[in-house]
Amino acid sequence: MKKITLPIFLEFVELRTKVASVFPMLIGILWTINHYHTFNWLNTIVFVLAALCFDMCTTAINNTMDYKKAVDEEYKQKDNVIGQFNLNYRQMVTIIFVLLSIAVVLSIVLVFLTDIILLPIGAVCFLIGIFYTFGPIPLSRLPLGEIFSGVTMGFGIFFISIFVQNPSLLMTSAWTETVVHLNLHWKSIVLTFVMSVPLICLIANIMLANNLCDYEQDLRNHRYTLVHYLTPRRSLMLYVILSIVPWIMWAIYILFGYLPIRSAIAFVPMFFLHFPSIKRFCKKQIKKETFVESIKSFVLFSAIYVIILGLDSLI
């Protein structure tokens, strides 16, 4: 067995993919500063650390379960990180529990710093993250992966990023011996969802692109994802739709005044960078060559979102 090193650990938790959780956090924080003019640095630090640990944990679970359940021996020994580096399976499981424990402790601290209503919200996110790849029938092996990953990371992280700044912006609770009073600022919650739609679409697209690239391999490993049920051709059509929706939403944000009119300049890089990227992925779906296009699309839109909100906050 090969001794685990920092580079191997980072490969095991796929640190490079954490942009899918970092950008929703950053955008949520900047949106709160921009729209609600508030920022809580302590809650933000605790939340960021908890979210990153849990994201690494779910990725580690994914790689471990893929290794354990692999039917294709070539994938198991050459493509999966555990087989590729000849890692100790039990040691990898230990790492999962350490990351999960850190995330749980930090999340409980965050509950005490904010509102107890965060406890059930966080519990749901934790359960979705864990059972996404764990259990007899993981969500990732069903035609549900895109929905759960998109909504949980695109909306869930964005929502909690705002909530931890000041719970009263979205919802608060009051508990007595017999009654729980829940105060929902439903307009703010609806607006939060609307502002997260582009992130939901683009994160779901990363999962969809991954499943498109792995389609043949998934069939050999008895994984029947959304691509299997839609067929690759229709899945590509969905990929294109989910790639375009964020830019339609961007225009709506400007039209209704949620983003400044100068945000329209973002459509320039869309035409020159985003659509050629969509075309390259639709032409061929190869993991090592074109899967990165889905990540590029997400990073492009998210980076523009961050820049616009950041500049608007400063101005």
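Student: Before we start, what are the ground rules here?
Tutor: Residues are numbered from 1 along each chain as its sequence is written, and side-chain values use heavy atoms, with hydrogens and water left out. As this is a predicted model, local features need pLDDT of at least 70 and side-chain atom pairs count only at pLDDT 80 or more, while totals for chains, interfaces and linings use all residues.

Student: Okay, which residues touch the most other members in the largest nonpolar core?
Tutor: Ile27, Trp31, Phe47, Phe159, Phe163, Trp250 and Tyr305, out of 69 residues. Helix 9 (residues 186-213) gives the largest share of this core, 15 residues. A nonpolar core is a set of buried Ala, Val, Leu, Ile, Met, Phe, Trp, Tyr and Cys residues joined through side-chain atoms within 4.5 Å; buried means under 20% relative accessible area, exposed over 50%, partly exposed in between (1.4 Å probe, protein chains only). Helices are DSSP runs (H or I, at least four residues), numbered from the N terminus.

Student: And what is Phe47 in contact with, beyond its neighbours within four places in sequence?
Tutor: Met25, Leu110, Ile157, Ile160, Ser161 and Val164, where contact means heavy atoms within 4.5 Å.

Student: Now Phe158: buried or exposed?
Tutor: Buried, with a relative accessible area of 0%. Phe158 lies in helix 8 (residues 145-163), and its contacts beyond four places in sequence include Trp31, Thr192 and Leu199.

Student: Switching to helix 12, what does its buried side pack against?
Tutor: Its buried residues pack against helix 9, helix 11 (226-230), helix 13 (267-283) and helix 14 (292-314). Among those buried residues are Tyr239, Pro246, Trp247 and Trp250.

Student: What comes just after helix 12?
Tutor: Gly257, which takes a positive phi of about 85 degrees.

Student: Last topic: which residues line the second largest pocket?
Tutor: Ile61, Thr64, Met65, Lys68, Tyr89, Val93, Ile96, Phe97, Leu100, Ile130 and Phe134. A pocket is an open set of points on a 1 Å grid over the protein atoms alone, where a 1.4 Å probe fits, with protein on both sides within 12 Å along at least five of seven lines; lining residues have an atom within 4 Å of a point.

Student: Which helix gives the most to that lining?
Tutor: Helix 6, with five residues. Helix 3 (41-69) and helix 6 (89-113) each supply at least two.
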